[in-house]
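Hi everyone, thanks for coming. Let me put the sequence and the structure up on the screen, and then we can walk through them together.

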Amino acid sequence: MAAIDLNKNVAIVTGASSGIGAATCRTLASAGATVVLAARSEDRLANLAAEIEEAHGVETLVVPTDVRDKNAVESLIDETVSSFGSIDILVNNAGLARGSEVETMNTEAYEQMQETNIDGLFYATRAAIPELRAANGHLIFVGSFAGKYPRSYNAVYAASKWWTRGFAKSVAAQVGDEGVGVSVINPGAVRTEFESTDGKPFKEIFEAGEASEPEEVAEAITFAASREGSSLSEIDINNRSKFADDF
């Protein structure tokens with residue numbers, strides 16, 4: 001397969017400061033894309049942006065953004081267009097997990113997850129659609145294995161990822177004939193700072209080879225974003241023993 005060329009494409013990545021988001025920024029940049037890094041941790045974003053510019057010679061833009069804040073998300077889109085003139089790719093990656101039994105989950109934890117995983121995704125998608133339509137661009141949604149298979153230990157997180165998939169497919173039905181590509185990437189366990197239900201990061205729980213690496217997910221995102229005139233509806237990424245372990 002030929003190397004992916006995203007030269008002159010402008011890509012926004014939410015949740016860009018670590019894990020899948022940071023890996024996606026690096027992979028998009030390696031394909032030549034201009035990368036807009038959005039997350040709450042400005043220092044981490046600035047360091048990552050400097051690393052990417054030095055390694056790949058592309059332009060970057062750091063926009064500290066809390067996706068739960070509608071105004072901040074709209075400013076992210078406006079600042080990107082003001083700086084680069086267009087948006088070709090939006091990667092809706094920002095997400096939050098809280099493992100808890102429903103009957104013991106406190107309201108604050110529930111609301112934080114809903115606001116991040118659902119509201120933030122909606123705000124970013126809504127604000128970006130006009131720009132993506134104009135550019136024949138691509139919407140990428142980071143879903144989850146939990147969004148396809150019921151989970152006993154993280155019901156609200158799983159439900160938010162089922163919502164993500166349903167929302168993405170409905171958006172595709174609305175804008176697909178207007179030239180906007182829509183893809184959903186569903187990782188299983190990934191060795192990142194993302195925390196399991198007991199609060200331990202996945203990168204500490206899993207040894208290399210026991211779960212997917214963030215770079216594998218980033219490569220799938222970049223491949224989906226590079227399709228011209230077509231959409232890869234869903235890509236599932238799991239370690240090879242996933243189904244043997246779970247079923």
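Let me begin with a question for you: is Arg126 buried, partly exposed or exposed? Arg126 counts as partly exposed, because its relative accessibility is 41%. For those words, buried means under 20% relative accessible area, exposed means over 50%, and partly exposed is in between, with a 1.4 Å probe and protein chains only.

Before going on, a word about what you are looking at. This is a predicted model, where local features need pLDDT of at least 70 and side-chain atom pairs count only at pLDDT 80 or more, while totals for chains, interfaces and linings use all residues. Residues are numbered from 1 along each chain as its sequence is written, and side-chain values use heavy atoms, with hydrogens and water left out.

Back to Arg126, which forms a salt bridge with Glu74, the closest N and O atoms being 3.9 Å apart. By salt bridge I mean a side-chain nitrogen of Lys or Arg within 4 Å of a carboxyl oxygen of Asp or Glu. This pair links distant parts of the chain, with Arg126 in helix H4 (residues 107-135) and Glu74 in helix H3 (residues 70-84), 52 residues apart. Helices here are DSSP runs of H or I with at least four residues, strands are E runs of at least two, and both are numbered from the N terminus. Glu74 also counts as partly exposed, at 30% relative accessibility.

How many salt bridges does the rule give? The count comes to seven. One of them joins the side chains of Glu51 and Arg26, at 2.6 Å from N to O. Here too distant parts of the chain are linked: Glu51 sits in helix H2 and Arg26 in helix H1, 25 residues apart. Glu51 is partly exposed at 36% relative accessible area, and Arg26 is partly exposed at 32%.

Next, please find Lys148 and Asp236, whose side chains meet in a salt bridge of 2.8 Å, N to O. Lys148 lies in the loop between E5 and helix H5 (155-175) and Asp236 in strand E7, so this pair ties together parts that are 88 residues apart in sequence. Lys148 has 24% relative accessibility and counts as partly exposed, and Asp236, at 38%, counts as partly exposed as well. There is also a network: Arg165, Lys169 and Glu234 are joined by salt bridges that share partners.

Now let's go inside. A nonpolar core, as used here, is a set of buried Ala, Val, Leu, Ile, Met, Phe, Trp, Tyr and Cys residues joined through side-chain atoms within 4.5 Å. The largest one has 31 residues, and Leu28, Leu37 and Ile185 have the most contacts inside it. Among the elements that each supply at least two residues of this core are strand E1 (10-14), helix H1 (19-30), strand E2 (34-39) and helix H7 (214-225). Another core lies apart from it, with 29 residues, among them Leu76, Leu121, Tyr123 and Phe167.

My next stop is Ser183, in strand E6 (residues 181-187). Is this Ser183 buried or exposed? Ser183 is buried, because its relative accessible area is 0%. What does the side chain of Ser183 meet there? A polar contact of 2.9 Å joins it to the side chain of His138, and the backbone oxygen of Leu232 lies 2.8 Å from a polar atom of the Ser183 side chain. A polar contact is a pair of N or O atoms within 3.5 Å; within protein, one must be able to donate a hydrogen and the other to accept it, and residues adjacent in sequence count only if both atoms are side-chain atoms.

Thr164, in helix H5, is buried too, at 0% relative accessibility. Leaving out residues up to four places away in sequence, Thr164 touches Asn117, Leu121, Phe141, Val142 and Gly143, where contact means heavy atoms within 4.5 Å.

Last, two backbone angles. Most residues other than glycine have a negative phi. Lys8, though not a glycine, has a positive phi near 75°; Lys8 sits in the segment before E1 and is exposed, at 70% relative accessible area. Asn136 has a positive phi of about 50° and is not a glycine either. Asn136 lies in the loop between H4 and E5 and counts as exposed at 57%.
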